[in-house]
Amino acid sequence: MTKGNWPKCAHCQLKPEERACRGEGKRAPVFCPMTLEGTAIERSREEYREAGNREFACRAALQEASGYEVDKADPEKRRPVKPRLLEIAEFAHRMGYRRLGLAFCTGLHREAAAVTRVLEGHGFDVVSVVCKVGRISKEEIGVQEKEKISPGKFESMCNPIGQAKVLNAAATDFNVVLGLCVGHDSLFFKYSQAPTTVLAAKDRVTGHNPLAVVYTLDHYYSRLLKP
Ligand code: SF4
């Protein structure tokens, strides 16, 4: 793959109903991965022939479909009816999971308690672990005093590897990430043995709603278009 000759679905200007990825015999722009990366796509199909992937993907698709109902005002249309937290609980039931892991940020401790109430209310055992688990000093990973949030004070590092290992030790069936920071979440995904979903992504200034910035990119947040 050479520079400039790679897939750019984000630039696709075709209407959804015209796109090659939405129906047979439809159109594909020159940067379409369906023509540029046919081998990779064929390999992905092979992966779904593996029983575990097939079942997981099928149940995720059933969950997706169940998130809509017919709009009584216009039977041709579907309207979404389920919040993500409910979808997580329903998907976990579909998969037959019993024990869920909750890896959360210390800044969302109250939210973690509320999420636990909901998931326990749906019949799950919930093992939860905060990001600061282990009380490991930031110096241990090479953060200098002047680079801390509050220089001169002890600061526990976020320990996503520890969160994953605690949940692995508890043999959770499925993990839920709540508000882990950029990069910390990546390490959690890397070390978690159970499949993981995200309830919320950390975004300190938007109430953990990173798309608020995207929706307002042409006015309030246009400054983000340049470094
Ligand atoms: S897969 Fe092809 S047709 Fe579909 S959005 Fe991407 S570029 Fe457009």
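Analyst: Helices (H or I, at least four residues) and strands (E, at least two) are DSSP runs, numbered from the N terminus. With these terms, His208 is found in the loop between β6 (196-200) and α8 (211-215). The model is predicted: local features need pLDDT of at least 70, side-chain atom pairs count only at pLDDT 80 or more, and totals for chains, interfaces and linings use all residues. Residues are numbered from 1 along each chain as its sequence is written.

User: Why is His208 called partly exposed?

Analyst: A residue is buried if 20 or more other C-beta atoms, placed from the backbone, lie within 10 Å of its own, exposed if 12 or fewer, and partly exposed in between. His208 has 18 other C-beta atoms within 10 Å, so it is partly exposed.

User: What makes Arg135 exposed?

Analyst: Arg135 counts as exposed because it has 10 C-beta neighbours inside 10 Å. This residue lies in the loop between β4 (125-130) and α6.

User: What is the phi of Arg135, and what is that of His208?

Analyst: Phi of Arg135 is near 50°, a positive value in a residue other than glycine. His208, also not a glycine, has a positive phi of about 60°. Most residues other than glycine have a negative phi.

User: How many helices and strands does the chain have?

Analyst: The chain has eight helices and six strands. Of its 227 residues, 17% count as buried.

User: How do you know which residues form the contact of α6 with α7?

Analyst: The axes of helix α6 (residues 160-169) and helix α7 (residues 184-191) come within 8 Å and cross at roughly 30°. Axes are lines fitted to C-alpha atoms, for helices over the stretch in contact, and angles run from 0 to 180 degrees between N-to-C directions. The contact involves Pro160, Ile161, Gln163, Ala164 and Lys165 of α6, together with His184, Asp185, Leu187, Phe188 and Tyr191 of α7. Two residues are in contact if their C-beta atoms, placed from the backbone, lie within 7 Å.

User: Which classes does the contact of α6 with α7 have?

Analyst: Six nonpolar, two polar and two charged residues make up that contact. Ala, Val, Leu, Ile, Met, Phe, Trp, Tyr, Cys and Pro count as nonpolar, Asp, Glu, Lys and Arg as charged, and the others, Gly among them, as polar.

User: Which residues are around the ligand?

Analyst: Among them are Cys9, Cys12, Arg19, Cys21 and Cys32; a residue is near a molecule if its C-beta atom, placed from the backbone, lies within 6 Å of it. The shell has ten nonpolar, no polar and one charged residues.
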